[in-house]
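The entries follow the order in which I looked things up.

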Amino acid sequence: MKALAIADSFLPTRGLLKLANRRAELPSERFGLSFPNPLGIAAGMDKDAQALRGWANLGFGFVEIGGVTVEPQEGNPKPRMFRVNKLQALVNRMGFNNIGSLAVAEKLAKAKSKGKWPDVPVAANIGKSKDTTNEDAAKEYSKTVERLWPYVDLFIINVSSPNTPGLHELQQDVALTAVLKACFVVNGEMAKQTGEDEKPILVKISPDLENAEITALVDIVIAAGCAGIVATNSEFEVERYPRVGDDITAETVFETISDEKKTAMGTGFFVTWLTTYRSEEHTSELQSRRNLVCRLPLAKKKKKHTPHT
């Protein structure tokens, strides 16, 4: 991360990055934003907005920072990420480690003021602090949205990380409605203050939901006015390491959407992509599995589980 940020700071190395990673031009319009291509860097990679422009220079079509919590927190004890070669999988126990919304806002403001802002949309993934109760979650999410609002282009409300105790309960009817309502109130207030349009808000869901739960959640998301859904987060850890495949797919989510047109962002570890579904046309064929990285070749390790820091 630091190496990418440093490389982006110097004109020669920045030019080499762009030359070696020419961006695929597959432009699309989503949420009122222009995306040069549908492949972006997902939350969890650049948690603290360290290399914003660097990701764009690597060819990504958008950047998602975070997850960001209102206050800084260290996350779970290390080691907290493992590569499992036998299953071609990653085990993620990060726990929203980040420098907090004020510090992230300062980094974003500095990047804009110094002309280091990427030429692609920037999203902020918003999470809940470990020590915050679910009853206070709406206030915390909306405060983080308020602090980052002047800088990012869209928000992703993360109510599905398996590494924050009780967070998945925020996907339920009353709790999710309260969180989204608070975020939309702030969204409207900030738009009115600045004279700008409201920012698109999406919701990131869990792969552990049953079909009936997905249907109920999607109805809430649509009623709240959200722009789309991010499918999906990591699953809850089971007795053995996670399986590969058979999680919720973007197609499963799309089939529950009753609006004429909605957009979903499918996500795997550290990579995310855009796809659109028209309910009357069934045009989407993209399978959105949480382990996109499992399709990539992994280096063999001498030890069975090697932590990534």
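This is a predicted model: local features need pLDDT of at least 70, side-chain atom pairs count only at pLDDT 80 or more; totals for chains, interfaces and linings use all residues.

I then checked the length of H4, residues 101-113, and at 1.5 Å a residue its 13 residues should span 18 Å, which agrees with the 18 Å between its end C-alpha atoms.

Next I asked which residues of H4 are buried. I found Ser101, Val104, Ala105, Leu108 and Ala111, and seen down the helix axis these fall within an arc of 125°, so they line one face of H4. An α-helix has 3.6 residues a turn, so residues three or four places apart point the same way. On the other side of H4 I noted Leu102, Glu106 and Ser113 as exposed, while the cover over the buried residues includes helix H3 (52-57), strand S4 (63-68) and helix H5 (137-148).

Turning to the rings, I counted three aromatic pairs in the structure. Phe31 and Phe35 make an edge-to-face pair, 6.2 Å centre to centre with 80° between the planes, and both Phe31 and Phe35 are buried. For Trp55 and Phe60 I read 6.2 Å between the centres and 70° between the planes, so this pair is edge-to-face; Trp55 is buried at a relative accessible area of 8%, and Phe60 is buried at 16%. I also recorded that Phe31, Phe35 and Phe62 form one aromatic cluster.

Last, I looked for charges over rings: the charged end of Lys112 sits over the ring of Trp117, 4.7 Å from its centre, and that of Lys199 sits over the ring of Trp149, 3.9 Å from its centre.

Methods. Residues are numbered from 1 along each chain as its sequence is written. Side-chain values use heavy atoms; hydrogens and water are left out. Helices (H or I, at least four residues) and strands (E, at least two) are DSSP runs, numbered from the N terminus. The expected span of a helix is 1.5 Å times one less than its number of residues. Buried means under 20% relative accessible area, exposed over 50%, partly exposed in between (1.4 Å probe, protein chains only). The arc is that of the directions from the helix axis to the C-beta atoms. Contact means heavy atoms within 4.5 Å. Rings of Phe, Tyr and Trp (its six-membered ring) pair if their centres lie within 6.5 Å; planes under 30 degrees apart count as stacked, over 60 as edge-to-face and the rest as tilted. A charge sits over a ring if NZ of Lys or CZ of Arg is within 6 Å of the ring centre and within 35 degrees of the ring normal.
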